[in-house]
Amino acid sequence: MSLNWREIALILDELPLLGSSLQQTLQHDFHSLSWQFYHPQAGRWILYTEFGTPFSRLHMLTESLQVNQRGKTAKLQRFIQFCRANLEGSKVVGVKQATGDRLVQLTLDNHGRLLHLILRFYSGPGANVIVTDNDHTILDLLYRRPGRGEQSSGTFTLPEEQEVREDSFPIRQRTELSFNRQIEQEYGNQSNLLTYEQLLAKVEAKRDRVLKTLGSTLASQMRTLKAHEGYELWRKKADLLSANQHLLDGRKASVEVEDWETQTLLTIELDEKLKARENILLYYEKYQKAKGTYENALGEVEKAREALLREQLRFEHLLDPNLEKDEAIRAFRKELADTASQTSAQQKSPGLVIQSGQFTLLVGRNAKENDELLRHHVRGNDYWMHTRDFPGGYVFIKFVKNKSVPLDVLLDAANLALVFSKAKSQGKADLYYTQVKHLRRAKGGKTGLVLPTQEKNLSVVLDESRLARLLLEDEHA
């Protein structure tokens, strides 16, 4: 729970605020700041303040904080810059707390200019840090809340004194420590426990997402493997046709030949538009293609199994309940920081950002997004894919070091390129793909128009289940 007004008064009574000079201000996150002071007798000391959380408080800081020391967001930069430009170097010449109120006002003398630093330890939206001049005009504040009249150039009015009963808001049971040290220990332990539980839930959620994605990739590769495990049948049919080429005279839809292994008749379908030799070659091509797909899927299944096992073991170690809380918190923060930086990069990307196994797909849905992705979000080793003979969006497969792009990822990209093109209504299309370094812009062409070289071809039939998985994952990312 937050400090009550009597407890705040007791803490203020122990602090050497009067006569202290403010040397530095630090904003750790959206709710907490540290104020580094120097007092001629007490020496250097730090006041820690936290606002609008279950642990709203102020106290002298004697232990290091496990919080962000940098403050990278725009809101943090705005307020901290104001404090450094206008408050640092000033001297505390007045400390005031209204009776019955959790509002503290520090009067600062900055080389003859009086400023008021108002620290409001209320619950919810009432919490704030406000700086005014001596005429009570708001100069800046931690949280801008126009609906409450709390914004720069507004006027701040101190609350009126309240009548309070002597027995209201009792001070909690005391220990042998100073009240500042007691509060620091109590709230620090509670905050660490809450921090651990919150971070644990986020890491567990990330684990579930990662393992689900890898499991889906493995299942998909297993399906591909199963679908092509009978690839030898294509060669057998090709060999049978080659041995019975004399039966292929004339255009036929099928032919019956004797299977020398089973001594039974086997019906083999033919393409009536093709000659005998062409039909034989067609079956050899089907054999080669099915064999290649099977062997590729076999390798990808092994990679997917290894990746799944590796991540399972990594998360087991990361979430080991026997780890010390402080060590676990540091590890959780590092894990989530990697996710946050990746998510931030994705949010800045136009179009769709979709994960396909270990590969990231960037999808442009129109000419503008295609052009923006080409200019600012892809590099030479990334792959580009587009439908042949139909206008549509570009799909880029981001390069992963020491990883070749598996067929399953190509099919994911191809289905996305198809669904965001004019070929969608046909349900199938021919596509081509190449690395971005093999693209060149068409001189005087339309926005985003490129001419590929060294491209490879791929034919795809729209796979609704694959698309549903990809687009559903994008919605929940």
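Colleague: Is Glu-150 buried or exposed?

Modeller: Glu-150 counts as buried, at 6% relative accessibility. Buried means under 20% relative accessible area, exposed over 50%, partly exposed in between (1.4 Å probe, protein chains only). This is a predicted model, where local features need pLDDT of at least 70 and side-chain atom pairs pLDDT 80 or more, while totals for chains, interfaces and linings use all residues. Residues are numbered from 1 along each chain as its sequence is written, and side-chain values use heavy atoms, without hydrogens and water.

Colleague: Where does Glu-150 lie?

Modeller: In the loop between β9 (138–141) and α3 (179–227). Helices (H or I, at least four residues) and strands (E, at least two) are DSSP runs, numbered from the N terminus.

Colleague: Which side chain makes a polar contact with the side chain of Glu-150?

Modeller: That of Asn-128, at 2.9 Å. A polar contact is a pair of N or O atoms within 3.5 Å; within protein, one must be able to donate a hydrogen and the other to accept it, and residues adjacent in sequence count only if both atoms are side-chain atoms.

Colleague: Switching to rings. How many aromatic pairs are there?

Modeller: The count comes to nine aromatic pairs. Rings of Phe, Tyr and Trp (its six-membered ring) pair if their centres lie within 6.5 Å; planes under 30 degrees apart count as stacked, over 60 as edge-to-face and the rest as tilted. Tyr-231 and Tyr-294 form a tilted pair, 5.3 Å centre to centre with 40° between the planes.

Colleague: Which parts does the pair of Tyr-231 and Tyr-294 tie together?

Modeller: Tyr-231 is in the loop between α3 and α4 (232–243) and Tyr-294 in helix α5 (residues 276–318), so the pair ties together parts 63 residues apart in sequence. Both Tyr-231 and Tyr-294 are buried.

Colleague: What about Trp-384 and Tyr-432?

Modeller: Also an aromatic pair, tilted, with 5.5 Å between centres and 50° between planes. Trp-384 sits in strand β14 (residues 383–387) and Tyr-432 in strand β16 (residues 428–435), 48 residues apart. Trp-384, Tyr-394, Phe-396 and Tyr-432 form one aromatic cluster.

Colleague: Now the open sheet. What is the strand order?

Modeller: The six strands run β12-β13-β15-β14-β16-β19, with antiparallel pairing. Two strands pair if DSSP finds at least two bridges between them. β12 (352–356) and β19 (456–461) stand at the edges with a single partner strand each, so one side of each is left without a neighbour in the sheet.

Colleague: How many bridges join β16 to β19?

Modeller: Six bridges, and the two strands run antiparallel. Asp-430 stands opposite Ser-459 in β19.
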